[in-house]
Amino acid sequence: MKTHARVVVIGGGVVGVSTLYHLALKGWADVVLLERAELTAGSTWHAAGLLPLFNMSYTVGQLHKYSVDLYKRLPAETGQDVSFHVTGNLRLATNRDRMDEYQKYCGTANTIGVPFQVISPREVRELWPLAELGDGIDTTKIVGALYHPDDGHIAPADLTMALRKGARTRGAEIYEQTEVTAVKRTASGEWHLTTNKGDIVAEHVVCATGNYARQTGRLFGINVPSIPVEHQYIVYDESPELKAYRQNGGRELAVLRESDESYYLREERMGWILGPYEAGAPARFADGVPEWFGKNLFEGDLERLLPHIEAAQRRVPSLANCGIKDIVNGPIAYTPDGTPLVGPAWGVRNLWLNEGHSFGITAAGGSGWQLAEWIVEGEPGIDMMATDPRRYGPYTSKRYVVQKNEETYRNVFVIHYPDEERADARPAKTSPIYDKLKGMGAVFGQRYGWERANWFAPAGVEAKDQWSFRRSNYFEHVGNEAKHLRRHVGVIDLTPFTKHEVTGPGAEAWLDSLVANKVPTKIGRIALCHALTRRGGIRSEFTITKIADNHYYAVSAGAAERYDADYLQQMLPAEGVTLRNITNSRGVFVVAGPRARDVLAKLTDTPLDNGAFPWLTGQVTEVGLAVDVYLLRVNFVGALGWELHFPIEYAHHLFDAIFAAGKEWGIAMAGMRAMESLRLEKSYRMWGSDLSPDYTPYEAGLDRFVRLTKGDFIGKPALEKQLKDGVPHRFITFEVHDVGDADPLGNEPLFDSRGNLIGRATAGYYGHALGKSLGLGYVTPEFAAVGTELSILVLGERRRATVLVDSPYDPENKELRA
Ligand SMILES: Cc1cc2nc3c(=O)[nH]c(=O)nc-3n(C[C@H](O)[C@H](O)[C@H](O)COP(=O)(O)OP(=O)(O)OC[C@H]3O[C@@H](n4cnc5c(N)ncnc54)[C@H](O)[C@@H]3O)c2cc1C
């Protein structure tokens, strides 16, 4: 075995081999893969080989599309057949919400170029003559379906072998029966891996160990939030009806998915494979894969499968005539959100994860492609935030991951409502005033482990969401919260914000080298600053306040805690700067609205008038009994207001004091959904949806937050080049007309008057104070002028839209500067 390689990939399943292939494809030939048994020995050998293109995520959708395209060309490139049956894929719908889900997905599919058709029950009959359309009495009636003509199923082992061949032809090496058992860092910062076949030193390591992800992570000192769950499919004997259909010239039937009954069905040698996602499937190996497991399977559990077998027999009656040949029950890697972990690990350099794949056959091509790009180029080619392992934080305890993974597994086929908030492993992380908010009718959601109040049910209204793709039971109440804040005063609990303290003589210069804006030089000034990728895309957004000389306070999105902390830590110079993550030691309340000054004036002696406390400034002061409060005159709702960032032990006191002071103006809470409505009215871009590495600050219309003259910063050359070459997209705010009950929500395609695709929405909702259905998004520059007429596809309906002025509510910012 080699003793040194540029990259060592651990794990020879389809994902590891694809990573190796793509590294070699990018010209890195000094790459090695180590597999403890033989290739495909993990989950890959027993996978059913389905390649569903369907995925609600813009990122994962792109990965799946890449895979399917790659797998079609691999046989010609490598000479290895992969048994790709392009049968098409049919997803049935038996109710309107399911059709809404498909239509919402179609928006995403449009923007990433995945071919699909929404078809009628009659067309289902033509494509799938062995299925019952349903009479509504014994079998639920089909109301329509989503058809992907391009996907199908593949032989996972053959696919792995084709990727292996492609990698080895380009110089990559593979060692089987070679298990990594220990890891250390060399003095020069490389990885020293011990295996049963000798040692190897590598600059980079990729973990692609499937069900072993947690124990591999432990070798490197990290807690990888992936634990497998049992997953089963049934292999049936020959079906006489299917055989007759095929012998009469019928083509191989599309993979059939009856989402509302949570199963898929595909042909297998004139018989069937039926794969349910059933309730009660347990997580396995939470403490590691036992030595004896090897290439084993679990005992089949027919009991759990029965409801799905019965449902499938109602839809495809001839299934009842087939005997069951086998039940395959294997471990399938899961993560709490069901999306894999593809990207850098945290807290250590040059360690990469390609773990947690539950659709690993489908995702292997795309995840290998982007991970190789990331390792070789230093950053991925597309926005990979959805798969970035740093989207999770230290809160992913074993029990949390077990509970969430079991929940995610049994919910694979549920309708993926945009406002869905799942119940398991909650509440986990709460703001100190959680119980108070609950008492006020809060309906919570969870993000990054934190409970956040989405809206508040008034007295007499059930504090519960009715999830929907359309305006739902909370619409009116969210509207009241937003309007109350615009007219009087409201409070928002934003305690989950990520907060960093940056101190030391080098603090200013260091921050300036990371962000595009000039960081404040005067004590008390606040600046909105964006850290960019080298390609000029937006990687993070920080609100930076200069607290004192050599002391900065940087606030960023709550869900970005590990993502930002890891980046800042990696970029930290050897001396002159001290970085502290103080997220959990400060709480945050926003007090905003025309009466915000009156409320706070009762609680602090600090003058709050415009002269003493102008917009975009902050002061360290006392509020009520609380000391050391960072009072910042900024907010994300575009109203007169302050954010109070206070030592967390004052949360109860401040909350009570603010509500007592605001009583005469009817002070009220506003939740996350009201904030969404309010920020859209101000065209405030949200990190993670409107702001991403896919777009530069110029494309995002954030030119005023870029200072090309200030000296070097990461991404500056790319911005200069873009200015010279032309900015390819422009950010717009638009109104959607004749909406009915479905506002845009993001990821809808935008068209010009002739029906050409010209861009995509990144967010949308109803602006309650403006009384307009609003969207944010990107279009090619010629369509960005105010007044331009566009159209948008919302749940399958083409709607007229008009480009509005940026910040359509109070465009001159009179209210927030009042
Ligand atoms: C019943 C079932 C059906 C499925 N059907 C589908 C499907 O139809 N479509 C789909 O897309 N997905 C399907 N999947 C999921 C799919 O099988 C997995 O997502 C995929 O195989 C994961 O590949 P991987 O390379 O990440 O992991 P694995 O295939 O598990 O490979 C990991 C490898 O790492 C090796 N390894 C671990 N630790 C070490 C170490 N320390 N040193 C060296 N080597 C190590 C292991 O031996 C193993 O070979 C199915 C899964 C199951 C259980």
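In the classes used here, Ala, Val, Leu, Ile, Met, Phe, Trp, Tyr, Cys and Pro count as nonpolar, Asp, Glu, Lys and Arg as charged, and the others, Gly among them, as polar. The structure on screen is a predicted model.

**Stop 1: the ligand**

Select the ligand and the residues around it. By class, this shell has 16 nonpolar, 18 polar and three charged residues. The ligand is surrounded by 37 residues, and the closest are Glu35, Thr44, His357, Gly360 and Thr362.

Now colour the secondary structure elements that contribute to the shell. Helix H1 (14–25) and helix H9 (360–377) each supply at least two of its residues, and so do strand S10 (229–236) and strand S14 (324–332).

At valine 180, a backbone N or O atom lies 3.1 Å from a nitrogen atom of the ligand. At phenylalanine 359, a polar backbone atom is 3.4 Å from an oxygen atom of the ligand. At isoleucine 361, the distance from a polar backbone atom to an oxygen atom of the ligand is 3.1 Å. On its own the ligand has 1000 Å² of accessible area, and the protein covers 97% of this.

**Stop 2**

Select strand S11 (residues 255–258).

S12 pairs with S11 in the antiparallel sense, over three bridges. Glutamate 258 has tyrosine 263 of S12 opposite. S11 and S12 form a hairpin with four residues between the strands, and serine 262 takes a positive phi near 60 degrees there.

**Stop 3**

A polar atom of the glutamate 407 side chain lies 3.1 Å from the backbone nitrogen of alanine 423.

Continue into the loop between H10 and H11, where alanine 425 lies. Alanine 425 is not a glycine, yet its phi is positive, near 55 degrees. With a relative accessibility of 15%, alanine 425 counts as buried because the cut-off is under 20%.

Proline 427 is in this loop as well, between H10 and helix H11 (434–439). Which form does the peptide bond from arginine 426 to proline 427 take? This bond is cis, with omega near -10 degrees.

**Stop 4: tryptophan 467**

Select tryptophan 467, in the loop between strand S18 (450–456) and helix H12 (475–487). Tryptophan 467 is partly exposed, at a relative accessible area of 33%. Show tyrosine 417 too: this residue is 50 residues from tryptophan 467 along the chain, and their C-alpha atoms are separated by 6.1 Å.

**Stop 5: a sheet of six strands**

Next is an open sheet of six strands with mixed pairing, in the order S26-S27-S28-S25-S19-S29. The edges are strand S26 (618–623) and strand S29 (668–669); each has a single partner strand, so one side of each has no neighbour in the sheet.

Within the sheet, select strand S19 (residues 490–493) and strand S25 (residues 586–592). These two run antiparallel and are joined by four bridges. Isoleucine 492 has valine 590 as its bridge partner in S25.

**Stop 6: asparagine 550**

Select asparagine 550, in the loop between strand S22 (538–548) and strand S23 (551–556). Asparagine 550 is not a glycine but has a positive phi of about 60 degrees. Its relative accessible area is 40%, which makes asparagine 550 partly exposed.

**Stop 7: cysteines**

Finish with the cysteines, including residues 207 and 529. Cysteine 207 counts as buried, at 1% relative accessibility. Cysteine 529 is also buried, with a relative accessible area of 0%. How many disulfides does a search of the whole structure find? The search finds zero.

Key: Residues numbered from 1 in each chain as written. Predicted model: local features only at pLDDT ≥ 70, side-chain atom pairs only at ≥ 80, totals over all residues. Heavy atoms only, no water. Near = heavy atom within 4 Å. Polar contact = N/O pair within 3.5 Å; in protein donor to acceptor, adjacent residues only side chain to side chain. Areas by Shrake-Rupley, 256 points an atom, 1.4 Å probe, with all protein chains shown as cover. Disulfide = S-S within 2.5 Å. Buried < 20%, exposed > 50% of the residue type's maximum accessible area, 1.4 Å probe, protein only. Pairing = 2+ DSSP bridges.
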